[in-house]
Amino acid sequence: MRPTTPSAALPVDLSEARRVAVGAAEAAGALLSARVDGPLGVRPKGAGGDVVTELDTAAEDLIVGRLRAAYPGHRIIAEESGILDGAPGEDMVWLVDPLDGTNNVAIGMPVYAVGLALCARAEPVLGVVHDPVSGRTWSAVRGRGALGPDGSPLTLADHPRPGRERNPLLAWTQGHQVGAGDPVAFAMRSALELRCARMLQLWAPLVAWTMLARGDIDGIVGYLPEIVDLPAGMLVAAEAGAELRRLDGAPYELGIDRPASELGFVAARPELLDRLLETTAKIDPRDGRASFAR
């Protein structure tokens, strides 16, 4: 996936939608920054060790309110509220992750972000990621490139940073459904760690996507990723020049209607992509057995 082709004519001005989304993300970021050092109201979310805080719901309420005011007919899929219906037959869908990195915030680690994506039916056409810690925002419109915090075009450098040609810096992300004993996740992560300088697991995928778009890291591998935080960051990185494939090397087509089993990905600088696929494609997705040459 490298979406250089603009989407077909849409019933929405994407420049205006970007302005609305950036404003909503930055307002939510200001809310999070102001309250992150106070009482968080942390409570369990599901049985897998995930948590949710009062900050998640407060930031989500703010974003949803702004989107509803600007686009009352659009559908919204929000991480905490779920599916919020729009007008009958409406094709435009917003994905809202009000606080990506809640577990980090809950333990006092300042690694988190806000993400919004707009999709036309199932296809992402706009992505916005805001980092409340640094106060920076990145955005992208499908086929029109990515923009950095100062509003200038964001493009991957022609070459990786010194020393990283053969020792890339990678990030790993996985969905909440992946358990500690998952053999495929364990095998793939272990094999990748043997072939890179460092493997980051930030528990805030949106932060990793912006790091890839800037060239701070060289690639991301995602296994059964969550859909709500995927399109915004992926679009920013892809429009900046990163390339994506499925874990088995097949072409990657991101659609929010696809099951998690079809959303696994390798995203990387173009010259690194095949090297990473040499590892991920050799892990059996059924049981994690590897078929590397001895």
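Me: How is the protein chain divided into domains?
Reply: Domain 1 covers 14-154 and domain 2 covers 169-281. Keep in mind that this is a predicted model.

Me: What separation do the domain centres have?
Reply: Over C-alpha atoms, the centres of domain 1 and domain 2 are 20 Å apart. The contact takes 37 residues from domain 1 and 24 residues from domain 2.

Me: And how much area do domain 1 and domain 2 bury between them?
Reply: About 2200 Å². Of that, 71% is on carbon and sulfur atoms.

Me: Which residues in domain 1 lose the most area to domain 2?
Reply: Leu 95, Asp 100 and Leu 154. Together they make up 22% of what the domain 1 side buries.

Me: How many salt bridges and polar contacts run between the two domains?
Reply: Zero salt bridges. Six residue pairs are in polar contact, both partners at pLDDT 80 or more.

Me: Which strands supply the side of domain 1 that touches domain 2?
Reply: β5 (92-100), β6 (113-120), β7 (123-131), β8 (136-141) and β9 (145-147) each give at least two residues. By type, that side of domain 1 has 22 nonpolar, seven polar and eight charged residues.

Me: Switching topic. Where is Thr 137, and is it buried or exposed?
Reply: Thr 137 is in strand β8. Thr 137 counts as buried because its relative accessibility is 8%, and the cut-off is under 20%.

Me: What do the polar contacts of the Thr 137 side chain look like?
Reply: One joins the side chain of Thr 137 to that of Glu 26 at 2.6 Å. Another joins the side chains of Thr 137 and His 130 at 2.8 Å.

Me: Which other residues does Thr 137 touch?
Reply: Leaving out residues up to four places away in sequence, its contacts include Val 22, Val 128, Val 129, Leu 147, Gly 148 and Pro 149.

Me: What about Arg 245, where does that lie?
Reply: Arg 245 is in strand β14, residues 243-245. Arg 245 is partly exposed, at 29% relative accessible area.

Me: Which residues does Arg 245 touch?
Reply: Beyond four places in sequence, among them are Tyr 252, Gly 264, Phe 265, Asp 274 and Leu 277. Arg 245 and Gly 264 are 19 residues apart along the chain, with C-alpha atoms separated by 8.6 Å.

Me: OK, salt bridges. How many does the structure hold?
Reply: Twelve. One of them pairs Glu 80 with Lys 45, at 3.2 Å N to O. Glu 80 sits in the loop between β3 (75-78) and β4 (82-84), and Lys 45 in the loop between β1 (43-44) and β2 (51-52). They are 35 residues apart.

Me: Which residues are linked in a network with Lys 45?
Reply: Glu 79 and Glu 80, through salt bridges.

Me: What partner does Asp 216 have?
Reply: Arg 161, in a salt bridge with the closest N and O atoms 2.7 Å apart. Asp 216 is in the loop between α5 (205-214) and β13 (219-223), and Arg 161 in the loop between β10 (153-154) and β11 (169-174), so the bridge ties together parts 55 residues apart in sequence.

Me: And Arg 164, which residue does that bridge to?
Reply: Asp 218, with closest N and O atoms 2.6 Å apart. Arg 164 is in the loop between β10 and β11 and Asp 218 in the loop between α5 and β13, so parts 54 residues apart in sequence are tied together.

Me: Are Arg 164 and Asp 218 buried or exposed?
Reply: Arg 164 is buried at 15% relative accessible area. Asp 218 is buried too, at 1%.

Technical notes
Residues numbered from 1 in each chain as written. Predicted model: local features only at pLDDT ≥ 70, side-chain atom pairs only at ≥ 80, totals over all residues. Heavy atoms only, no water. Domains from an automatic or database assignment. Contact = heavy atoms within 4.5 Å. Buried area = accessible area lost by both parts, 1.4 Å probe. Salt bridge = Lys/Arg side-chain N within 4 Å of Asp/Glu carboxyl O. Polar contact = N/O pair within 3.5 Å; in protein donor to acceptor, adjacent residues only side chain to side chain. Helix = DSSP H or I, 4+ residues; strand = E, 2+ residues; numbered from the N terminus. Nonpolar A, V, L, I, M, F, W, Y, C, P; charged D, E, K, R; others polar. Buried < 20%, exposed > 50% of the residue type's maximum accessible area, 1.4 Å probe, protein only.
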